[in-house]
Amino acid sequence: MGSPTTKSRHPSSLLRHHLRSILLVAATFILTHLLDRISTGSFPSYWCPFAARNHGSPESIRFGGDDEPRFWMRDGSGLDLRVYVYDEDEIEGLRGLLYGRDGRISAESCVKGQWGSQVKIHRMFLRSRFRVRRKEEADLFFVPTYVKCVRMLGGLTDREIDKTFIKVLNQMPFFRRSGGRDHVFVFPSGAGAHLFKSWSTYLNRSIFLTPEGDRTDKKNTSAFSTWKDIIIPGNVDDQLTSGAPFVQPLPLSRRKHLANYLGRAQGKVGRLQLIELAKKYPEKLECPQLKFSGPDKLGRKEYFEHLRNSKFCLAPRGESSWTLRFYESFFVECVPVLLSDQVELPFQDVIDYSQISIKWPSTHIGPKLLDYLKSIPDEMIEKLIEHGRRVRCLFVYAQESQACSAIYGIFWELQKRIRRFHQSSETFWLHNGSVVNRDLVPFSDWKPPMLG
């Protein structure tokens with residue numbers, strides 16, 4: 001039998017076949033180019049016709065292989081925001097929120113301690129290249145206050161803080177224009193915005209910079225909102241974050257304890273449980289009785305020397321959910337173990353906290369916790385420490401000249417909250433784009449004080 005004969009293709013069939021092949025190649029090229037654009041974010045501006053300005057996005061920190069972590073687009077490149085900083089003498093009453101009723105409290109006395117971020121952030125905004133001098137040019141408005149420090153040092157009572165805040169806000173036309181949505185306030189302690197008793201009436205739409213994400217234990221309500229507010233790091237001692245820290249980390253092999261808890265009981269269940277646990281397992285858990293006054297007072301250096309002497313630093317909830325100890329741990333290279341279920345952490349869009357810390361349920365504080373920590377090999381502990389070493393710069397309030405700092409993290413978070421249009425229950429607009437109030441008075445003619 002002969003082999004079957006093969007029919008020759010018609011010329012038009014061959015032409016269609018070639019055209020399909022060419023179209024397939026072209027489509028593959030275009031699709032590949034498009035996906036490359038998506039992955040790099042390099043779309044031409046006309047692909048986003050409603051964007052008034054091009055806003056970049058921070059890059060995530062990667063922990064794979066030998067790659068260096070990429071921080072916030074080095075030197076803030078890609079940032080595009082304009083911030084107006086209110087001057088202390090610009091509004092009657094603002095000096096009182098900074099220095100007390102008689103002006104005797106200084107910024108230097110407020111920059112120390114765990115609430116010093118209120119002063120450091122103010123100074124950074126004053127020096128920032130993103131600062132503008134005219135309100136009309138601003139995307140955001142920073143209102144400086146040191147009310148936590150002023151209250152602690154007796155400069156203002158709670159009632160005076162409330163009254164002065166209201167007085168200041170009633171003199172700010174741009175605050176009233178947006179209902180406060182574009183105004184930024186720092187509340188650097190566990191009390192959060194509750195330092196201003198009327199915050200829920202006057203500041204419920206404003207942006208809070210705070211380390212505290214939950215204060216429901218005493219206030220029955222949290223002042224923190226995930227859609228508008230920004231969690232910031234606590235203020236770690238400058239002597240620990242400088243290029244030559246006064247306490248150096250110890251090698252794991254030289255550390256005396258598996259874990260430690262350095263703090264007061266404050267009547268909190270989790271802390272009391274740790275104190276009792278340390279009595280039963282003193283060889284595993286160090287929990288010394290801390291004295292903050294008298295001849296046996298624990299100094300700052302001694303505190304950090306204790307902190308560095310364990311592989312794990314336990315950070316239970318105290319008066320509120322956040323704890324400065326979490327941030328301090330990174331600078332003595334002790335792996336922080338969060339025992340605070342409601343805690344909120346800063347810059348979560350770029351930091352994977354599971355790579356640098358441990359979070360353990362506060363309902364399981366006991367021998368099981370110590371057994372778990374004991375089971376972690378030193379190689380894994382070293383890896384957690386190394387990852388923490390690479391991101392801890394985001395917990396330092398360094399200058400803008402530093403490529404990685406908390407201030408860039410804050411700037412990126414603020415950029416996400418910029419609004420191109422401003423409106424509130426007090427603003428109305430007309431056919432020609434002019435903004436007026438309820439009495440049809442143009443915004444340019446609004447005069448303080450504005451009550452109601």
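1. Strands are DSSP runs of E with at least two residues, and helices are runs of H or I with at least four, numbered from the N terminus. Please keep in mind that this is a predicted model, where local features need pLDDT of at least 70, side-chain atom pairs count only at pLDDT 80 or more, and totals for chains, interfaces and linings use all residues. Residues are numbered from 1 along each chain as its sequence is written, and side-chain values use heavy atoms, leaving out hydrogens and water.

2. Strands pair if DSSP finds at least two bridges between them. Strand 5 runs parallel to strand 4 (residues 183–186), with 3 bridges, and parallel to strand 6 (residues 230–231), with 2 bridges. L209 is the bridge partner of V186 and also of I230 in strand 6.

3. Now to the second largest cavity. On a 1 Å grid over the protein atoms alone, a cavity is a set of points where a 1.4 Å probe fits but cannot get out, and lining residues have an atom within 4 Å of a point. Its lining includes S329, F330, I356 and R392. Helix 13 (324–331), strand 10 (335–339) and helix 15 (378–391) each give two or more residues to this lining. Helix 15 contributes the largest share, 4 residues.

Note on methods. On a 1 Å grid over the protein atoms alone, a cavity is a set of points where a 1.4 Å probe fits but cannot get out, and a pocket is an open set with protein on both sides within 12 Å along at least five of seven lines; lining residues have an atom within 4 Å of a point.
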